[in-house]
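Subject: Structure handover

Hello,

Here is the structure I promised to pass on. Please open it and keep it beside this email as you read.

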Amino acid sequence: MRKLQHNAVLARTIRNQVLWTRLGSRLGLPVAWVTSGSPVELVLAAGFIPFYPENHAAICAAREMSQGLAEHTEGRGYSRDLCSYARVDLGAQWTGRTPLGRLVPPDLVLVSNNICGTVQNWFRLTAEHFRVPMFFLDTPFHDGPPTDGDVAYVREQLVAMAPEISRVGWRRITEDRLRKVTERSREALELWARVLETASRRPAPFTSFDAFVHMAPIVSMRGTRRCVAYYRGLLEELRRRADRGDSAIPEERARVVWDNIAIWPAHKQLKKLFERHRVALVSDTYTSAWTVEHLDPKDPFTGLAKAYTDILLIHGVAHRVEVLTRMIQRFGAQGFVLHSNRSCKRYSLGQYGVRQVVTARTGVPGVVIEADMADPRAVSMEHLEQRLVPFFESLGAGT
Amino acid sequence: MSRRVAGLDIGSTATKCAVVEGGRLVQAVMLPSMPDMVAAAREALRQAGAEALPVVTTGYGRALHEPRLAQVSEITALAAGVGALRPEAATVVDIGGQDSKVVRVQGGKVLDFAMNDRCAAGTGRFLEVMSRVLNIPQDRFDEVSRPEVDPLPISSTCTVFAESEVVGLLSRREPPDRILKGVLTAVCSRVAALGRQVGVAAPVVATGGPARSMAVIRALSEALGMEVLPILPDPQGVTAFGAALICAQRAGA
């Protein structure tokens, strides 16, 4: 077991990104606050620096700042049942407290409801707070693959949005600029997919606990050259590790896959729990939520419309069953863990049914654990151990 | 050559120690875990004459006791214990002090399980609270909740709400035996709902402290719609026994 050299590279990359955002905004570059599922390529083509409130909330949770921020928002009358990312991030906006030192205010916000409906209200509050325009991309929910009508509907909105976004930005969105950005996004996503694929090697040189952290650039820097360079480096390191037989988990005894967002307040403890029981978390539905194949530099608007109507969470439950089934088979997993995330209703709805159907199809058992992605008050390590340890033992792993 | 080994189950309510030799139980001890779990564990080992034996620990407090051979989760230990005592069992319903679980088993191994541990509803704690409110000690449940008693419906499964509901019923002078029967029905329907997550298959056996009560077993059978048999005489010691069997296996005894 050897540490990833890229952990240090990641820390440097993120630090530079934060500094660059701050410096850029001081130099007068416009900043766009965007959701993780919004077509960031548009704002990049218009010269914006993107900022991701969801990522920011995750950082707050990992740095143990989320509870205080969430409580501030609850104090203003927002229910504890709302998404913790929203509560944490709004708390940060309203109090100005952030682990990043200072929040760089937006010049516009860009939202799509392809990940959930909450972002629509959360970003509306953000737009009101900073008195900036909000751009909203409506994406239809679908049970099967998106229809031509779905794609045309989304494409039309993107085309209509482009000149308006250009007006707030410092340069016009041209097809040519959009093509370049899309090409870089596609390249980074392709590299990222290959990075995730390395965990199918035995023993796995990389686990989803690493992926949860190393996904930061693909979320917040996709469309940039630095993002492509980062994943090229990471992929190289992982291939070397796999060739040497370096494993992420000492004496890997079982392989499992994960559904739903990471549990940030318990990320480190959970990672250690898996390690202690020699269980490799080889894949998950969270870090692989984007699809690469649609992005098309030749026809960027159609490619973006297809890509952003094909996000994991916009599909019905049957799709998740498909994704998990394929994942279990491809990564040779002996079990799966479903994180029932108190904050993310869209992601967690139907998990008990998903569990039964996936087990029936693959023959491997699953376990549901209850927690939250960012609210430590809804995360109990005791509970997580109570569920996971017997599950690991039933897979033949243990201390 | 067979030698003695021990299993120690440090539960939230009781600490149980089992000593086995050649796969058979030779000694069993049970003590309250509170107020000092570490002292209870030490005392249980001393009383069982297991201080110098290899020990596998299990239960909520399993990490507290050193030195040990290994620790396993109580679900794995429970399945091993049931596998030895009732090899034909397909489902185990365990009502513990702090949680309740339904475990699908086969030949001493866990196939699947569902667990209720974020909420006191459906656990021994629920019964404890109600026993206090009704002023009926748990060892008198069978005497009070006789088969012919008609249960009063308790609609809340939440322990806090159900407690207020019971207080309300008492203040309306409803008979305590009917209330108690209602309480047992409420607990068991909660456990049955848990069972539906994994699918309950016959034969079903019951373990944990409350399984000593025939009134609980009857309510459980009704809620599940199938016969439930308690593992007697010591339903609370099955997990410690299972831990001892795992110990024997690992120590090569």
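This is a predicted model: local features need pLDDT of at least 70, side-chain atom pairs count only at pLDDT 80 or more; totals for chains, interfaces and linings use all residues.

**A five-stranded sheet in chain B**

Next, look for the open sheet in chain B. Five strands form it, in the order S3-S2-S1-S4-S5, and the pairing is mixed. The edges are strand S3 (24-32) and strand S5 (70-71) of chain B, and each of them pairs on one side only. Which helix of chain B packs on this sheet? It is helix H8 (residues 238-251) of chain B. This helix touches S1, S2, S3, strand S4 (55-58) and S5 of chain B. Its direction makes about 140° with that of S1(B).

Now zoom in on one pair of strands. Strand S1 (residues 4-10) and strand S2 (residues 14-21) of chain B run antiparallel, joined by seven bridges. As background, strands of a sheet pair through backbone hydrogen bonds, either parallel or antiparallel.

Strand S6 (residues 91-95) of chain B is joined to S7(B) by five bridges, and the two run antiparallel. Val92(B) has Val103(B), in S7(B), as its bridge partner. A hairpin of four residues links S6(B) to S7(B).

S7(B) also pairs with strand S8 (residues 109-116) of chain B. That pairing is antiparallel too, over seven bridges. Gln106(B) stands opposite Lys109(B) in S8(B). The hairpin of S7(B) and S8(B) has two residues between the strands. One residue to look at in this hairpin is Gly107(B), which takes a positive phi near 50°.

Why is strand S7 (residues 100-106) of chain B described as largely enclosed by the rest of the structure? Because six of its seven residues are buried.

**Two packed helices in chain A**

Two packed helices are described by the angle between their axes and the distance between the axes. In chain A, helix H8 (residues 175-197) and helix H13 (residues 300-308) pack at about 45°, with axes 9 Å apart. H8(A) and H13(A) are therefore oblique to each other. H8(A) makes the contact with Glu175(A), Leu178(A), Arg179(A) and Thr182(A). H13(A) meets them with Pro300(A), Gly303(A) and Leu304(A). Sorted by class, this contact of H8(A) with H13(A) has three nonpolar, two polar and two charged residues.

**Where the chains meet**

Last stop: the contact between the chains. Twelve residues come from chain A and 13 residues from chain B. On the chain A side, helix H17 (residues 381-394) of chain A has the largest share, seven residues. The chain A side divides into four nonpolar, five polar and three charged residues.

Best wishes

Methods:
Residues are numbered from 1 along each chain as its sequence is written. Chains are lettered from A and ligands numbered from 1 in the order in which they are written. Two strands pair if DSSP finds at least two bridges between them. Two residues are in contact if their C-beta atoms, placed from the backbone, lie within 7 Å. Axes are lines fitted to C-alpha atoms, for helices over the stretch in contact, and angles run from 0 to 180 degrees between N-to-C directions. Angles under 35 degrees count as roughly parallel, over 145 as roughly antiparallel, 65 to 115 as roughly perpendicular and the rest as oblique. Ala, Val, Leu, Ile, Met, Phe, Trp, Tyr, Cys and Pro count as nonpolar, Asp, Glu, Lys and Arg as charged, and the others, Gly among them, as polar. A residue is buried if 20 or more other C-beta atoms lie within 10 Å of its own, exposed if 12 or fewer, and partly exposed in between; C-beta atoms are placed from the backbone.
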